Each structure stands twice: as C-alpha cells, then as structure tokens.
Amino acid sequence: MTDTLVTLDAVTVAFNGLPVVDRVNLSVSRGDIVTVIGPNGAGKTTLIKAITGIQRLTSGSIWRKPGLSIGYVPQHLHLQPTLPLTVQRFMSLTGQPDPDCRQALSKTGIEHLFKASIHRLSGGEMQRLLIARALVRKPELLVLDEPAQGVDINGQASLYDLIRSLRDTLQCGVIMISHDLHLVMAATDKVICLNQHICCSGYPEDISHDPAFIEVFGQAIAESLAIYQHHHNHSHDLHGDVVGSDAGGHSHTAHSGECQSGEHHNHAAH
Amino acid sequence: MPLIDLVLGDFFWRALIGGLGVALVAGPLGCFVVWRRMAYFGDTLAHSALLGVALGFLLQTSVNLAIALTCVALAILLVLLGRSRALATDTLLGILAHSTLAIGLVALSFMPDVRVDLTGYLFGDLLAMSRNDLAWIYGGAAVVLVLLCWLWRGLLMSTIHEELARVEGVPVERLRLALMLMFSLVIAVAMKIVGVLLITALLIIPAATARRMARGPEHMVLLAVIIGMIAVSGGLTLSWHFNSPAGPSVVVTAFLMFVLTYSLIRQQQQ
C-alpha cells in the first residue's frame with residue numbers, strides 16, 4: 001500500500017444540486033495506467049479536475065500521498081495569437097533550468113522544436129509539448145485529459161505508446177481520460193467506465209463483456225471491441241478463427257460511429 | 001536643486017515626464033489587456049473613472065484617490081456579477097461602462113459650484129500636469145512595476161492556461177484581483193494624459209504594435225513601453241507645433257506607428 005499515490009473515497013461533485021460525479025471510489029498506484037472512459041457529459045473531466053485539486057468536492061474525500069507532485073496535461077492549449085511564446089519560454093515558466101527542459105522535450109521526441117514558436121506547432125507536437133511540460137516537474141502522478149484529441153490516428157497510437165514508455169521509465173502513476181476506446185484497450189492496465197458513477201471497472205479484456213459497459217456503450221461497441229480483442233490476441237495464437245484484419249479495422253470504426261448516436265440516446269433517456 | 005526646479009517649472013517638461021511615466025506602466029498592462037482580451041473591460045473601468053471624479057468632488061477628497069477607488073469597486077463588482085452568468089460578459093460591461101459614465105456626467109451637472117473642465121477629463125489634459133500629478137504618476141507606476149515583477153511568472157502562466165497554472169499551485173483568483181487593482185491604479189493615473197475615452201487606446205495600440213516584432217512576452221512588454229514613450233513624445237511635439245489637443249495627438253501618433261509597422265512588416269513578408 002505504500003505505493004498508492006491517490007485514493008478517492010465516495011467523491012461527489014454536484015452542480016446546482018445535480019451530481020456530475022457521484023460517489024466515485026478509485027485509487028491510482030505507482031506504475032498504474034488507469035483510463036477513464038464514458039459518454040459525453042459523464043463527468044470525466046470533472047473527476048480529473050477533482051483529482052488534481054482544482055475542482056472542489058461536494059462530498060467525499062481525496063487522499064493524496066504527502067508531497068505528491070502532479071503533472072497535468074490539459075485537453076488542449078488554446079493560446080491567444082496575440083501572445084508571442086516560444087517552446088523554450090513556455091518550458092522555462094516551470095522554473096526548471098534549460099537543460100532539464102531540453103531533456104523532457106527529447107523524451108517526448110520534440111527537442112528540435114526548442115526554439116520554435118508555439119503557434120506553429122501541429123496538434124501532435126502540441127500534445128507532446130504539454131506532456132514534456134508536465135514531465136519537467138518530475139511528477140509522481142501524470143494526469144492527462146484526452147491526450148490524443150485532435151491528433152491523427154497514427155499519432156494517437158504513438159502518443160499512447162509514449163505514455164506507456166514514460167510510465168515504464170519514470171515509474172509514475174498515470175490516470176487519463178480517453179474517447180479512443182480501441183487504443184485505450186490496448187494501452188491501459190485498468191479501465192474505469194464512468195457515467196456519473198462508476199458503471200464498471202477492471203481489466204480491458206473483462207470490461208467489454210460487462211453488462212454495465214454494454215448498457216452505457218451499446219452492444220455494437222462492445223462487440224467491436226471484442227473483434228478488436230480477437231485481432232489483438234491473434235498474434236498470441238489464442239484464437240484461430242479471426243476475420244481479416246482489414247475488415248476488422250473497418251467494421252470497428254463503423255460501429256463506433258453507430259455507437260456514438262446510441263450514446264446520445266442513452267444520455268437523453270436518463 | 002535648481003535644475004530639477006527648472007525642468008519641473010516648465011509645463012511642457014512636466015507633461016513629457018508625466019507622459020513617459022504613464023507609458024512605462026501602460027506597456028506591460030496593455031500587453032495583458034491584449035493577451036487576455038480585456039479591451040472592453042479596460043474601457044468599462046475607464047468610463048467609470050468619471051463617476052470617480054464626481055464622487056471626489058462630492059466627498060471633497062482627492063480626485064485621483066476617488067477615481068482609483070471607484071475603479072477598484074467596479075472591478076470587484078464585475079468579478080462578482082460575472083460569476084452569476086445571468087448576462088453575457090459583454091452585455092454586462094456595456095451596461096456598466098455607459099451607465100457609470102452617464103451617472104458621472106449627471107452627478108457633475110448637479111454640482112453647479114464645482115467648475116469642472118469636462119473636456120479635460122474626457123480627453124486628457126496633459127499640458128495642465130501639476131507636480132502633485134507627477135507624484136501620483138510615479139508613485140503609482142512604482143507600485144505597479146514592483147507588483148508586476150513580483151507576480152510576473154504567475155500572471156503569465158495563468159494568462160497562458162488558467163487550469164494548468166492552478167494545478168501548478170498558482171493562486172489564479174488572487175492574481176486576477178491583483179491585475180484588476182493594478183488596472184484601476186493605472187487608469188486613475190493615465191486619465192490625466194489621455195482622458196477617460198482614450199485610455200484604452202494608450203494601453204492597446206502600443207502593445208498591438210509590439211506584437212508583430214516581439215519574440216517573447218517580455219520582449220513584447222519592452223517594445224510596448226518604448227512605443228508608448230515614442231507616442232507620448234511625438235504627440236506632445238505635435239501638440240506643441242500645431243496647437244492640437246495633447247491627449248488625442250498622443251493616440252494619433254501611436255496609431256500612425258501601428259499602421260506604419262504593420263505595413264512595413266507586411267512588405268517584408270511578401
């Protein structure tokens with residue numbers, strides 16, 4: 001238990017009396033990658049903000065390891081075009097010396113952009129910059145709010161790879177929000193499915209069969225994830241009879257499209 | 001000290017020294033107005049300064065003090081009203097800006113024994129700068145500059161990304177209040193130079209002109225100060241030679257520099 005970084009105990013956040021996050025219990029330990037998934041309006045971002053301490057709780061409590069340093073990677077950085085800012089200056093605002101900043105940038109693979117203006121970065125480069133900025137503060141807990149938003153599909157995969165390798169080298173805990181179910185399933189240790197309250201949680205392989213998961217995300221996405229799992233496990237020769245990998249890829253994107261409309265129905269019904 | 005007496009004894013030199021003092025603080029604060037999109041907010045505070053003038057006469061206190069306190073009160077009111085979100089911010093600002101200006105004008109008309117140079121308050125009365133005004137300007141400028149240097153990193157960080165700053169332990173709310181107090185002080189001080197209706201121009205135009213040439217936030221502040229100082233000196237010279245009103249001449253000079261730099265830079269880029 002000494003490696004527990006943060007523990008949430010019946011955390012509730014309500015706006016105007018309506019609970020957005022409802023009695024959530026969870027804990028993140030050193031070396032964990034915990035991913036929070038859930039439909040729009042499920043309170044994912046609010047939960048993340050509660051963990052970082054910028055969202056006040058309505059009830060419940062959060063225990064943080066004494067002196068816990070948190071590296072926060074926001075959803076995106078919308079910088080006013082009127083503010084001239086280079087990568088170097090943005091990094092140095094953490095108060096860390098230049099060599100450390102360069103090192104963090106090289107870990108996320110964008111050291112060559114040290115002198116560049118932030119306004120010229122692409123979506124993927126920006127996310128890598130935000131992660132580097134979190135890293136330079138030597139976090140024990142890395143908190144990411146949809147790190148792959150606005151990044152193309154190849155970029156997303158390599159971004160999740162990066163997060164995993166950072167966990168391995170830094171031995172920090174990671175908690176992140178994601179919409180990219182398929183990539184999440186491959187890149188995470190533990191999935192938490194949130195819809196105000198925690199619907200279900202567990203290992204990626206188990207969770208897609210969970211009735212609560214199917215209720216929130218619909219049959220279609222659960223099945224498409226199962227297909228994905230087959231495809232993923234195929235290399236281990238556990239399952240023999242798998243549809244062609246191309247077809248699988250196509251069908252799951254189509255399904256996730258369907259599911260998103262299903263999500264809204266679900267949401268409206270509540 | 002005969003030299004100082006000689007300089008301060010001449011109204012032109014007093015005007016120039018006072019104007020340069022205002023440019024010194026208008027530069028950095030103008031940058032924040034541009035970065036945080038607070039132009040309309042600055043305008044509202046400036047308009048309320050006329051109410052401060054009326055209150056100053058009514059309560060028979062120092063007019064400068066009354067202006068500063070009115071601006072502070074309005075800034076706090078704006079923060080409180082802004083939280084309720086019953087009205088859009090620009091609607092709220094529009095209501096308060098013009099109502100306070102109108103109330104100030106009506107209140108002044110009810111004080112027949114007070115002979116006020118209304119044009120002076122609306123458009124500035126740079127050439128009537130007294131030694132007392134100079135003391136106000138440099139006292140205010142010193143306070144604002146010390147505060148800015150002290151709070152710089154936090155202010156800049158919360159301008160770039162409020163939540164990121166909050167997670168990193170920057171007291172965002174308190175800094176916003178500090179920034180508003182500095183604004184109030186600068187408006188009370190700058191009113192003498194360009195008047196209620198033109199203060200925002202003195203804040204924004206030098207900062208906007210500096211933007212195209214600046215490589216970083218600090219560089220932009222430095223350039224804005226220099227451009228503001230050139231505008232003050234140029235405007236005063238214009239006023240001296242052509243007998244034009246001093247405040248508007250300062251703004252016209254700033255505007256000419258803005259147009260000039262933008263067209264020059266555009267040519268360079270082509």
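Q: Which residue just after α3(B) takes a positive phi?

A: This is a predicted model. Most residues other than glycine have a negative phi, and most peptide bonds are trans. Just after α3(B), B:Gln60 has a positive phi of about 55°, although this residue is not a glycine. B:Gln60 sits in the loop that joins α3 to α4 (63-84) of chain B.

Q: Is B:Gln60 buried or exposed?

A: The count of C-beta atoms around a residue decides. B:Gln60 has 9 C-beta neighbours inside 10 Å, so it counts as exposed.

Q: Where does A:Glu146 lie, and what is its phi?

A: A:Glu146 is in the loop between β6 and α5 (153-170) of chain A. Its phi is near 45°, a positive value in a residue other than glycine. A:Glu146 is buried, because 21 other C-beta atoms lie within 10 Å and the cut-off for buried is 20 or more.

Q: How many helices and strands does chain B have?

A: Chain B has 12 helices and 0 strands. Read from the N terminus, its elements run α-α-α-α-α-α-α-α-α-α-α-α.

Q: How does the radius of gyration of chain B agree with that of a compact globule?

A: The radius is set against the value for a globule with that number of residues. For 270 residues a compact globule would have a radius of gyration near 18 Å, and chain B has 19 Å, so the two agree. The C-alpha trace of chain B spans about 55 × 45 × 40 Å along its principal axes. Of its 270 residues, 47% count as buried. Among contacts in chain B with a separation of 6 or more, 72% join residues 24 or more positions apart.

Q: What is the order of the open sheet of 3 strands in chain A?

A: Strands of a sheet pair through backbone hydrogen bonds, either parallel or antiparallel. Here the order is β2-β1-β4, with antiparallel pairing. The edge strands, β2 (18-29) and β4 (59-64) of chain A, each pair on one side only. The twist from one strand to the next averages 10°. Strand β1 (residues 4-15) of chain A pairs with β4(A) over 5 bridges, and A:Leu8 has A:Ile62 in β4(A) as its bridge partner. Helix α1 (residues 44-52) of chain A packs on this sheet and touches β1, β2 and β4 of chain A. The direction of this helix makes about 55° with that of β2(A).

Q: In which sense do β5(A) and β6 of chain A pair?

A: β5(A) and strand β6 (residues 141-145) of chain A are parallel, with 4 bridges. A:Gly71 stands opposite A:Leu142 in β6(A). Both faces of β5 (residues 70-73) of chain A are covered: A:Ile70 and A:Tyr72 on one side are buried, as are A:Gly71 and A:Val73 on the other.

Q: How many residues does each chain give to the contact?

A: Chain B gives 19 residues and chain A gives 15 residues. On the side of chain B that touches chain A, the largest share, 5 residues, comes from α7(B). The residues of that side divide into 10 nonpolar, 3 polar and 6 charged.

How values were computed
Residues are numbered from 1 along each chain as its sequence is written. Chains are lettered from A and ligands numbered from 1 in the order in which they are written. This is a predicted model: local features need pLDDT of at least 70, side-chain atom pairs count only at pLDDT 80 or more; totals for chains, interfaces and linings use all residues. Two residues are in contact if their C-beta atoms, placed from the backbone, lie within 7 Å. Helices (H or I, at least four residues) and strands (E, at least two) are DSSP runs, numbered from the N terminus. Ala, Val, Leu, Ile, Met, Phe, Trp, Tyr, Cys and Pro count as nonpolar, Asp, Glu, Lys and Arg as charged, and the others, Gly among them, as polar. The radius of gyration is taken over C-alpha atoms; the globule rule is 2.2 Å times the number of residues to the power 0.38. A residue is buried if 20 or more other C-beta atoms lie within 10 Å of its own, exposed if 12 or fewer, and partly exposed in between; C-beta atoms are placed from the backbone. Two strands pair if DSSP finds at least two bridges between them. Axes are lines fitted to C-alpha atoms, for helices over the stretch in contact, and angles run from 0 to 180 degrees between N-to-C directions.
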